[in-house]
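Let's take a walk through this model, going from the overall layout to the ligand and then to a handful of individual residues. Have the sequence and the 3D view open as you read.

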Amino acid sequence: MNNNKINLAIVGVGKIVRDQHLPSIEKNTNFQLIATASRNASVEGVASYKDIESMLDAVPELDAIALCMPPQYRYDAAKLALERGLHVLLEKPPGATVSEVEQLVELADKQSVSLYATWHSRHGAAVEKAKAALSNRTIQSVTLAWKEDVRKWHPGQDWIWQAGGLGVFDPGINGLSILTRLLPEPAFVTQATLSFPENKAAPIAADISLTTANGITVESQYDWRQEGDEVWDISFVTEKGDVEITHGGGALRVDGVAVELPKHSEHGEYEAIYARFAEIISQGQSDVDLQPLKLVADAFLLGDRKVLEPFLD
Ligand code: NAP
């Protein structure tokens, strides 16, 4: 650390880095961005390298790294960074498999550095308010709908359709990250149907049924063929009335009445992520919750597969 700031690097400078990471790091006085590693992109005024190995060799003063490339290509970079004693932030989803991330957790522990598996949607303005609203209610059942137009949200992202890219669960796992934060006990998959276009290795739509040990049932639907407005909603039916999250965690209704939420900036979720990263580094902790990834993995394990006509994006 220099001037008590955490020297940070980013790997994989793409859409989410430009939209969210850069402005959020800029606002956080705990971090200074001193390097990037990206094959085809760089950040103005910041030392840039083509790959992580050459960056780590050239910039020994690094303390922490944010891995923002697609999940299929993250494990080797995370392992290398942890072996070099760096704190590591993983974009969501934290990896391509559950077991590889579990190995990273062990390695971070052995190296006494912090590993942070981020779930940006958990920092939506409605989420902790919903948690509070649900704390004195009994949840009976839940519905979750995560529907958006893939052509609008993921143009040109070939990796998202490839094995390990998660397909419709790339956004859908955001809904599951909120759900698992708000349920009072873990859920597991009881039934799933995954719909794959004939020409793609990842699903374009899915239905997953879940339950908990005490019988809270969750019916969830994910669809990338949505036209018009996005639907990113979760509705909890309780004995006193409904608690409904909409806009991906940005709005809340309790018993049909809109709840006033603290005004978030457009980078609020990622500002909270960097605040949390600084916090766990200072506390010498890791923060890795694999529940959302496990549910997606189990849907792939248990799910029936439907093959649809080719999808041209
Ligand atoms: P992206 O722009 O397609 O990819 C990010 C960067 O990763 C690319 O620009 C590329 O940089 C690098 N990359 C791509 N393929 C690679 C490969 N095979 N090996 C190594 N590096 C590769 O994707 P993104 O939208 O930023 O998403 C990245 C991650 O952030 C995903 O896990 C996604 O779920 C998450 N995320 C995205 C959003 C969003 O709105 N887009 C929101 C929240 C979270 P170079 O070619 O320069 O190496």
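**Layout and ligand site**

The chain is assigned domain 1 (6–117) and domain 2 (124–267 + 296–308), with bounds that come from an automatic or database domain assignment. Before going further, keep in mind that this is a predicted model, in which local features need pLDDT of at least 70 and side-chain atom pairs count only at pLDDT 80 or more, while totals for chains, interfaces and linings use all residues. Residues are numbered from 1 along each chain as its sequence is written, and side-chain values use heavy atoms, with hydrogens and water left out.

Taken over C-alpha atoms, the centres of domain 1 and domain 2 are 27 Å apart. The two do meet: 13 residues of domain 1 are in contact with 14 residues of domain 2, where contact means heavy atoms within 4.5 Å.

Where does the backbone come up to oxygen atoms of the ligand? A backbone N or O atom of Lys-15 sits 3.0 Å from a ligand oxygen, and one of Ile-16 sits 2.9 Å from a ligand oxygen. At Asn-40, a polar backbone atom is 2.7 Å from an oxygen of the ligand. These are polar contacts, meaning pairs of N or O atoms within 3.5 Å; within protein, one must be able to donate a hydrogen and the other to accept it, and residues adjacent in sequence count only if both atoms are side-chain atoms. On its own the ligand has 870 Å² of accessible area, and the protein covers 82% of that; the areas come from the Shrake-Rupley method with a 1.4 Å probe, and for residues only the protein chains shown count as cover.

**Side chains that reach for the backbone**

Asn-7 is found in strand 1 (residues 6–11); strands here are DSSP runs of E with at least two residues, helices are runs of H or I with at least four, and both are numbered from the N terminus. Asn-7 counts as buried because its relative accessible area is 3%, buried being under 20%, exposed over 50% and partly exposed in between (1.4 Å probe, protein chains only). A polar atom of the Asn-7 side chain lies 3.1 Å from the backbone oxygen of Glu-61.

Asn-28 lies in the loop between helix 1 (15–27) and strand 2 (31–37), and at 10% relative accessibility Asn-28 is buried as well. Its side chain reaches the backbone nitrogen of Asn-30 at 2.8 Å. Apart from neighbours within four places in sequence, Asn-28 is in contact with Tyr-274 and Ala-275.

His-87, in strand 5, is buried at 14% relative accessibility. Its side chain comes within reach of the backbone nitrogen of Ser-114, at 3.0 Å. Not counting residues up to four places away, His-87 touches several others, including Asp-63, Phe-277 and Ile-281.

Gln-72 sits in the loop between strand 4 (64–67) and helix 3 (75–83). The side chain of Gln-72 reaches the backbone oxygen of Ala-163 at 3.3 Å. Among the residues it touches beyond four places in sequence are Ala-96, Trp-159 and Gly-165.

Finally, check the backbone. The peptide bond from Lys-92 to Pro-93 is cis, with omega near -20 degrees, and Pro-93 is in the loop between strand 5 (87–90) and helix 4 (98–111).

Which residues other than glycine have a positive phi? Ser-112 has a phi of about 55 degrees, and His-247 has one near 55 degrees. Ser-112 is in the loop between helix 4 and strand 6 (115–117) and is exposed, at 63% relative accessible area. His-247, in the loop between strand 12 (241–246) and strand 13 (251–254), is exposed at 62%.
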